[in-house]
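Thank you all for coming this morning.

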Amino acid sequence: MITALQTLTMLSAPRSMPIVCTAPSMPCALVPIAPGSEELEATAIVNVLRRAGWSVTLASVGVPGMDPVSCARNQLLVPDAAIEAPGILDSDYDAILLPGGMPGASNLAASSPLLERLRRQAAEKKWYGAICAAPAVVFAGAAADLLPQQATCHPAFIEKLEAAGCDANRF
C-alpha cells in the first residue's frame with residue numbers, strides 16, 4: 001500500500017527527461033525561475049496557462065540540472081528542466097513569462113542565455129512579459145531594449161522603470 005507521503009514524494013520527484021514544448025497544436029510557454037523568485041507568481045503563471053491548455057516549461061536558472069529552486073519564501077519548486085538543458089532555449093515559445101521576487105528577478109537578469117532568448121522572442125514579435133519586480137529589474141535594468149513604452153511593476157521599483165524612459169503606470 002502506498003502512503004500519502006510516498007505519493008507526494010513520487011509526484012514531486014525530479015523527472016529523468018525535461019519537459020519541452022513540442023506539441024504543435026498547443027500554445028507553448030517558458031517560465032524561468034531562479035533562486036529567490038516569487039513562488040506564488042511562478043506557480044500562478046504555470047497553473048493558469050496549464051488549465052487553459054498550454055504546454056508550459058518551468059525552467060530553472062542558476063541551479064544545476066533539475067534540482068529544486070529555493071524561492072523567495074523558501075518554498076522549493078521542482079523545475080521541468082534547467083534553462084541550459086538541450087532544446088530549452090531553442091524551442092519555439094508563444095510566450096516567455098517571468099515571475100518577480102527578489103533576488104529572483106536579479107538572478108534572472110544576470111542570465112545572459114535568458115536575456116538572449118528574450119531578445120529573440122521580441123525579434124520574432126512574440127509575447128514576453130514579467131510581473132512584480134521583474135519588469136524593472138530585468139527589462140529596465142539588464143535589457144532596456146526589451147522594455148515597452150508603457151509598463152507597471154511593484155511600487156518599490158516604479159522609479160527604475162521611469163528612469164529607463166518607460167511611462168510607468170501607477171495603479
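This is a predicted model: local features need pLDDT of at least 70, side-chain atom pairs count only at pLDDT 80 or more; totals for chains, interfaces and linings use all residues.

**A walk through the fold**

Residues are numbered from 1 along each chain as its sequence is written, and side-chain values use heavy atoms, with hydrogens and water left out.

Tyr-128 is found in strand β7, and the helices (H or I, at least four residues) and strands (E, at least two) that I mention are DSSP runs, numbered from the N terminus. Leaving aside neighbours within four places in sequence, Tyr-128 is in contact with Ile-96, Leu-97, Leu-118, Gln-121, Ala-122, Phe-139 and Leu-146, where contact means heavy atoms within 4.5 Å. Tyr-128 and Leu-30 are 98 residues apart in sequence, and yet their C-alpha atoms are 9.3 Å apart in space.

Stepping back to the whole chain, we have 6 helices and 9 strands, and buried residues make up 43% of the 171 residues. If we take the contacts between residues at least 6 apart in sequence, 65% of them join residues at least 24 apart. The accessible surface, computed by the Shrake-Rupley method with a 1.4 Å probe, comes to about 8800 Å², and 60% of that belongs to carbon and sulfur atoms.

Now to the inside of the model. In soluble globular proteins, nonpolar side chains tend to be buried together. By a nonpolar core I mean a set of buried Ala, Val, Leu, Ile, Met, Phe, Trp, Tyr and Cys residues joined through side-chain atoms within 4.5 Å. Which residues touch the most other members of the largest nonpolar core? Of its 35 residues, they are Ile-88, Leu-98, Leu-118, Val-138 and Leu-161. The elements that give two or more residues to this core are β1, β6 (95-98), α3 (104-109), α4 (112-123), α5 (134-142) and α6 (158-163), and α5 gives the most, with 6 residues. Apart from this core lies another, of 15 residues, among them Ala-29, Trp-54, Val-69 and Ala-95.

Let us stay with α5 for a moment. Because 7 of its 9 residues are buried, α5 is largely enclosed by the rest of the structure. Those buried residues are Ala-134, Pro-135, Ala-136, Val-137, Val-138, Phe-139 and Ala-140, and they pack against β6, α3, α4, β7 (127-130) and α6.

How do α4 and α5 meet? Their axes, which are lines fitted to C-alpha atoms over the stretch in contact, with angles running from 0 to 180 degrees between N-to-C directions, come within 12 Å and cross at roughly 80°. That makes α4 roughly perpendicular to α5, a label that covers 65 to 115 degrees, whereas angles under 35 count as roughly parallel, over 145 as roughly antiparallel and the rest as oblique. The contact is made by Leu-115, Leu-118 and Arg-119 of α4 together with Val-138, Phe-139 and Ala-142 of α5.

Let me finish with some residues in loops. Ser-37 lies in the loop between β1 (28-33) and α2 (39-51). Is Ser-37 buried or exposed? Ser-37 is buried, with a relative accessible area of 0%, and, not counting residues up to four places away in sequence, it touches Cys-71, Ala-72, Pro-99, Gly-100, Gly-101 and Gly-104.

Pro-103 is found in the loop between β6 and α3, and the peptide bond leading from Met-102 to Pro-103 is cis, with omega near 10°. Asn-74, in the loop between β3 (69-70) and β4 (76-77), has a positive phi of about 65° although it is not a glycine, and Asn-74 is exposed, with a relative accessible area of 64%. Cys-132, in the loop between β7 and α5, also has a positive phi of about 65° without being a glycine.

Terms used:
Buried means under 20% relative accessible area, exposed over 50%, partly exposed in between (1.4 Å probe, protein chains only).
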